[in-house]
Amino acid sequence: MGATFVHEMEVTMKIYLNGEYVEKEDAKVSVFDHGLLYGDGVFEGIRLYDGCVFKLDEHLERLEFSAKAILLELPMTRNEFSEAVCETCRRNDLRNGYVRLVVTRGSGHLGLTPDGCGPPNVIIIADEIQLYPEEFYENGLKIISVPTRRINASALPPAIKSLNYLNNILAKIEAKRVGFQEALMLNDKGEIAECTGDNVFIISKGVLFTPPLDAGSLRGITRGAVIDLASELGVPYREQALTRYDLWTSDECFLTGTAAEVIPCVEVDHRPVGNGQPGDMTRKFIASFREKAKVDGIKI
Ligand code: PXG
């Protein structure tokens, strides 16, 4: 009986769904939800470190901006979202993990117009996280630029963290099919935008560079944390349009994202970055970020 109980404990997962905490099996939304039918909705991916939610307020602000940009009225206040995120972590006995917060347009008719949709569905999933294996933090990732471009800002501002990830998914597939873990995505001018779920940084001659947001990058929360760290570590920092050439000839390169944190990149388009090993500055950023993550959150 004890073993069965343990097993049940393992499989049970509480999902926040529109104000209620329901079992995973009961967490269901309509097939008429426009989040499913059209990718009409917004989301956030958030980390829980040692019982603290990292940069929760920043994530909720970005969610509000994403929702505003797509004219989706959020059904909850910042405080209500904050409390629901923390409570979902508590109910799942999590101290470390990953939180996926999703707000869809809600259930509607078969047609693009959101008229008649709603109320929005609010879903919060808190789970353990499958990180890149530690060897990638030690030895670095190899990335490759792919044909699929980051979506043009005049088509859909890439700052909106919407449920439309198809172009990033295609880029990821293209990289994986040719044996790489991650894809480097360019914008329609051929400049570096970002990777499929991570921002890109390089270090050249002691200066930290990342593409500006108008190159097609998401305003990553981890990106912001690394920019703050640069000033704390006394590393000069510039936002500047970057080309593939800039990455090929950089001394160091790393990616940042909620899931990956700070991860070194040691090869771009078959060219070794620097000496082909994670650089000293990158290691410093990884260590400092890990320190910051432990202390810079809201207690659940
Ligand atoms: N660019 C894009 C396109 C993203 O979706 C980031 C950069 C990094 O931002 P943050 O705020 O996380 O530092 C993201 C966000 C995943 C996954 O499963 C990750 C994201 C989105 C969707 C899935 O790894 N990252």
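Visitor: How far apart do the C-alpha centres of domain 1 and domain 2 lie?

Guide: They lie 26 Å apart. Keep in mind that this is a predicted model. The domain assignment gives domain 1 as 4-130 and domain 2 as 134-299. The contact between them takes 31 residues from domain 1 and 23 residues from domain 2.

Visitor: What does the radius of gyration say about the chain?

Guide: Compare it with the value for a compact globule. With 300 residues, that value would be near 19 Å. The chain has 20 Å, which agrees. For the outline, take the box along the principal axes: the C-alpha atoms fill roughly 55 × 50 × 35 Å.

Visitor: How many helices and strands does the chain have?

Guide: The count comes to 9 helices and 16 strands. Next, look at how the chain is linked up. Take contacts between residues at least 6 apart in sequence: 69% of these join residues at least 24 apart.

Visitor: What share of the residues is buried?

Guide: Buried residues make up 50% of the 300. The accessible surface of the chain is about 14,700 Å². Carbon and sulfur atoms own 54% of that surface.

Visitor: Which residues of α6 are buried?

Guide: Asn 167, Asn 168, Ala 171 and Ala 175. They cover an arc of only 100 degrees around the axis, so they sit on the same side of α6. Their cover includes β7 (141-145), β8 (182-186) and β9 (192-195).

Visitor: Which exposed residues does the face turned away from that side carry?

Guide: Leu 166, Lys 176 and Arg 177.

Visitor: Is Tyr 16 buried or exposed?

Guide: Check its relative accessibility. The cut-off for buried is under 20%. Tyr 16 is at 6%, so it counts as buried. You will find Tyr 16 in strand β1, residues 14-17.

Visitor: What does Tyr 16 touch, beyond residues up to four places away in sequence?

Guide: Tyr 21, Met 76, Ala 84, Thr 88, Val 122, Ile 123 and Ile 124. For another sort of pair, take Tyr 16 and Ile 286. These two are 270 residues apart in sequence and 32 Å apart in space, C-alpha to C-alpha.

Conventions: Residues are numbered from 1 along each chain as its sequence is written. This is a predicted model: local features need pLDDT of at least 70, side-chain atom pairs count only at pLDDT 80 or more; totals for chains, interfaces and linings use all residues. Side-chain values use heavy atoms; hydrogens and water are left out. Buried means under 20% relative accessible area, exposed over 50%, partly exposed in between (1.4 Å probe, protein chains only). Helices (H or I, at least four residues) and strands (E, at least two) are DSSP runs, numbered from the N terminus. The arc is that of the directions from the helix axis to the C-beta atoms. Contact means heavy atoms within 4.5 Å. The radius of gyration is taken over C-alpha atoms; the globule rule is 2.2 Å times the number of residues to the power 0.38. Accessible areas come from the Shrake-Rupley method with a 1.4 Å probe; for residues, only the protein chains shown count as cover. Domain bounds come from an automatic or database domain assignment.
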